[in-house]
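Q: Please take a close look at how the strands pair in this model. I would like one connected description, going from a single residue pair out to what packs around it.

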Amino acid sequence: MSYLSDVYERFQRTNKNETEFCQAAKEVLDSLDILFQKENKYQKNAILERIVEPERLITFRVAWFDDAGKIQVNRGFRVQFNSTLGPYKGGLRFHPSVSASIIKFLGFEQIFKNALTGLPIGGAKGGSDFDPKGKSDAEIMRFCQAFMSELYRHIGACIDVPAGDIGVGGREIGYLYGQYKRLTGLYEGVLTGKKLLWGGSLARTEATGYGSVYFAQNMLKDRYQDFEGKTAVVSGAGNVAIYTIEKLQQLGAKAVTCSDSRGFIYDEQGIDLATLKELKETGTNQSLEDYLQKRPHAKYTAVKDYREGRNEVWSVPCDIAFPSATQNELNQEDAKELLKNGCTLISEGANMPSTPEAVDVFLDAGIMYGPGKAANAGGVAVSQLEMAQNASMLSWSFDEVDNKLKEIMANIYQQAASTAEEFDKKHNLVVGANIAAFRKVGDAMIEQGVY
């Protein structure tokens, strides 16, 4: 049995019920075989054994009162996975699917994503199985205050800086920040994704979506192409999807789909961004079916009408695709259908949105494929830029932040592409991104000794 197989077998035994975490770890370990054949310092220093084990996992009870005065109880998590390159950094997710496995997979991915940005941040993630949908503002505020009443003990501007994720936007960050100040008396950059009035950064809302498009732009440029005239399919209807669509339109592509948990829209003329923002950014979280009121020519398909086990977004003919909703939303059959319909580029705006079997389909076909840990790093990059602005008590213009973001995404692409080529895996950005990120973290861990 090889060293990598032995490490993964032991890892699997320890984490056997954590499917998503095991999937994320295997994807990274599979990429590292060629590195370990070339260099033995990582094995000698047990970097692999150390990097797959979180520095700490914090699990806690969150008890709060609903509007009827009834006590509700949820579970909270924070995984502080690796602080080798800087303070822990990663979002908070409020969603019923949140579990230890989900949080550990996201935190593990965050180590490598953050390393690729070139910025001084470590990897972390957190959240709760609390569902903000259908809750009043007062209920969300009480939940956030209860959640922060435990979390505040473990975070700080130079310790751990959470951000938003699914279910955690500017409103939730505001309630969390207010409680942190109340408990600590500190006004510091301990959370990112803040509103502009009190320390937020311009372009933070747009960053993940814009970043995934900038990453795709670099992939296209390497093959002497651009976005002009291309048709794009996008999943999701949150910030990532909305600003992916916006940037695609600005660069000459036509995005024709968006989706949420209830269904998806196909607008052959191109998604009307103003209508989408009206439905999803006003706080009402209306169904995408309401899009038809202003765009009656568009087609709406409800989730119950999807083919079993499939996401109908990926059946729409396109040139390029941007999975921007959630993990494992794109499976092997979806991947085959995308290729059959002419898709030549995938850029992942979500975390691990393609199953391993789908990734194999893309890589075997030799199309342009940008894995999430590289393509969606724009959000955390601008979060770190928000930390920098907070630390210096300055506020940068939208263009300043956007230009820095564009440069960071180009650098991430170049790192992944050049590393892939170094190991004779040209255009395999999965291998390139994983090895480039692992080297950065591994080398720093060796230099810092055993801890």
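A: Two strands count as paired if DSSP finds at least two bridges between them. The model is a predicted one. In it, G90 stands opposite P162 in β5. Strand β3 (residues 88-94) and β5 are joined by 4 bridges and run parallel.

This pairing belongs to an open sheet of 5 strands, in the order β1-β2-β4-β3-β5, with mixed pairing. The edges are taken by β1 (56-65) and β5 (160-163); each has a single partner strand, so one side of each is left without a neighbour in the sheet. From one strand to the next, the twist averages 20 degrees.

A helix also packs on the sheet: α6 (residues 137-151) touches β1, β2 (71-82), β3, β4 (122-128) and β5. The direction of α6 makes about 145 degrees with that of β1.

The model also has a contact between two helices. Helix α2 (residues 19-38) packs against helix α5 (residues 100-117) at an angle of about 25 degrees, and their axes are 6 Å apart. Angles under 35 degrees count as roughly parallel, and α2 and α5 are therefore roughly parallel to each other. On the α2 side the contact is made by T19, E20, F21, A24, A25, E27 and V28, and these meet S101, I102, K104, F105, F108, E109 and F112 in α5. The residues of this contact divide into 8 nonpolar, 2 polar and 4 charged.

Technical notes:
Residues are numbered from 1 along each chain as its sequence is written. This is a predicted model: local features need pLDDT of at least 70, side-chain atom pairs count only at pLDDT 80 or more; totals for chains, interfaces and linings use all residues. Side-chain values use heavy atoms; hydrogens and water are left out. Axes are lines fitted to C-alpha atoms, for helices over the stretch in contact, and angles run from 0 to 180 degrees between N-to-C directions. Angles under 35 degrees count as roughly parallel, over 145 as roughly antiparallel, 65 to 115 as roughly perpendicular and the rest as oblique. Contact means heavy atoms within 4.5 Å. Ala, Val, Leu, Ile, Met, Phe, Trp, Tyr, Cys and Pro count as nonpolar, Asp, Glu, Lys and Arg as charged, and the others, Gly among them, as polar.
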